[in-house]
Amino acid sequence: MAIKDLTTAQARRPFQRRRKTCPFSGEGAPKIDYKDVRLLSRYVSERGKIVPSRITAVSALKQRELAKAIKRARFIGIMPYAVQ
Amino acid sequence: MALYEHIFLARQDVSQQQVEELTAALTEVLAAGGGKVTKNEYWGLKGLSYRIRKNRKAHYTLLNIEASAPAVAEMERQMRINEDILRFMTVRVDELEDGPSAMMQKRDRDDRDGRDGGRPDRGGDRAGFGGERRPRRF
């Protein structure tokens with residue numbers, strides 16, 4: 001998939017979206033913490049399942065970290081294993 | 001000496017005072033093993049996401065611990081015996097954070113949300129028609 005130039009945003013053709021970057025990499029990125037429910041809840045679906053990184057664009061390294069944090073949060077009861 | 005973050009959940013029927021006594025007792029167990037507690041954070045009676053031993057709520061306490069592994073093992077052994085403790089988790093960390101944890105500062109963190117719009121970004125190929133469609137479920 002081609003990386004789209006941002007300056008052509010208006011003229012952007014359909015079916016070619018710009019590549020998303022990992023929200024946990026780079027400057028000012030939040031730290032993944034199992035106690036931070038608000039941050040973690042953005043990366044689970046409405047059913048409480050962990051959203052795949054191909055959708056959230058989290059890098060593989062950070063996705064592993066994130067998954068571990070979510071599992072810890074579930075264990076201590078601050079996040080659900082399954083909704084309903 | 002290793003550093004640990006330790007969270008434990010006490011039964012909903014015990015009072016806050018009893019939880020504090022419990023914390024003090026555990027601190028003592030650690031001290032006997034040559035460790036110490038560098039931070040003690042009581043989160044209060046919080047609702048659980050699912051029932052644990054028929055409890056819908058639990059008292060949460062976070063402890064930052066600096067102790068040797070045998071001391072922590074001894075504390076965990078005693079926690080397993082205590083029926084007021086629903087669950088506990090000890091995580092070894094490279095460094096302990098000083099300030100209040102994410103749980104305590106939750107309320108005044110709205111400033112951060114502007115960074116990424118407050119929801120996960122939907123990735124390239126899936127963001128097709130309409131862009132904002134949520135992923136399929138089930």
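**Two chains, one predicted model**

Q: Among contacts in chain A between residues at least 6 apart in sequence, what percentage join residues at least 24 apart?
A: This is a predicted model. Take the contacts in chain A whose residues are at least 6 apart in sequence. The share that joins residues at least 24 apart is 56%.

Q: Which pattern does chain A follow, read along the sequence?
A: Chain A has three helices and zero strands. Read along the sequence, the pattern is α-α-α.

Q: What length does helix α3 of chain A reach from its first C-alpha to its last?
A: Helix α3 of chain A covers residues 60–75, which is 16 residues. At 1.5 Å a residue, 22 Å is expected. The helix comes close to that, reaching 23 Å.

Q: Within what arc do the buried residues of α3(A) fall, seen down its axis?
A: The buried residues are A:Gln63, A:Leu66, A:Ala69, A:Ile70, A:Ala73 and A:Arg74. They line one face of the helix, because seen down the axis of α3(A) they fall within an arc of 140°.
In general, residues three or four places apart point the same way, because an α-helix has 3.6 residues a turn. For α3(A), the arc is 140°.

Q: Which residues are exposed on the other side of α3(A)?
A: The buried residues of α3(A) are covered by elements that include α1 (37–40) and α2 (53–56) of chain A. Now look at the other side of α3(A). The exposed residues there are A:Ala60 and A:Leu61.

Q: Which residue with a positive phi follows α3(A)?
A: Helix α3 of chain A covers residues 60–75. The residue in question follows α3(A) and has a phi near 80°. That residue is A:Gly77.

Q: In what order do the elements of chain B run from the N terminus on?
A: Chain B has two helices and four strands. Start at the N terminus and read on. The order is β-α-β-β-α-β.

Q: Which strands of chain B stand at the edges of the sheet?
A: The open sheet has four strands in the order β2-β3-β1-β4, with antiparallel pairing. Each edge strand has a single partner strand, so one side of it is left without a neighbour in the sheet. The edge strands of chain B are β2 and β4.

Q: Over how many bridges do β2 and β3 of chain B pair?
A: Strand β2 spans residues 36–52 of chain B. It pairs with β3(B) in the antiparallel sense. One pair has B:Lys39 opposite B:Asn64 in β3(B). The number of bridges is eleven.

Q: Which residue takes a positive phi in the hairpin of β2(B) and β3(B)?
A: The hairpin has two residues between the strands. The residue asked for has a phi near 45°. It is B:Arg53.

Q: What is the bridge partner of B:Ile7 in β3(B)?
A: Strand β1 (residues 2–10) and strand β3 (residues 55–67) of chain B pair in the antiparallel sense over nine bridges. At B:Ala2, the bridge partner in β3(B) is B:Ala67. At B:Ile7, the partner is B:Leu62.

Q: At about what angle does α2(B) run to β4(B)?
A: Helix α2 of chain B covers residues 69–81. It lies across β1, β3 and β4 of chain B. Its angle to β4(B) is about 165°.

Q: Which elements give two or more residues to the largest nonpolar core?
A: This core has 27 residues, and those with the most contacts inside it are A:Leu40, A:Ala69, A:Ile70, A:Ala73, B:Leu9 and B:Ala10.

Q: Which residues does A:Ile70 touch, not counting residues up to four places away in sequence?
A: A:Ile70 is one of the buried residues of α3(A). Leave out residues up to four places away in sequence. Then A:Ile70 touches A:Leu40, A:Tyr43, A:Val44, A:Ile50 and A:Met79.

Q: Is B:Arg80 buried or exposed?
A: B:Arg80 lies in helix α2 of chain B. It has 10 other C-beta atoms within 10 Å. A residue with 12 or fewer counts as exposed. So B:Arg80 is exposed.

Key. Residues numbered from 1 in each chain as written. Chains lettered and ligands numbered in written order. Predicted model: local features only at pLDDT ≥ 70, side-chain atom pairs only at ≥ 80, totals over all residues. Expected span 1.5 Å × (residues − 1). Buried ≥ 20, exposed ≤ 12 C-beta atoms within 10 Å, placed from the backbone. Arc of directions from axis to C-beta. Contact = placed C-beta atoms within 7 Å. Pairing = 2+ DSSP bridges. Core = buried A, V, L, I, M, F, W, Y, C linked by C-beta atoms within 7 Å. Axes fitted to C-alpha atoms, helices over the stretch in contact; angles between N-to-C directions.
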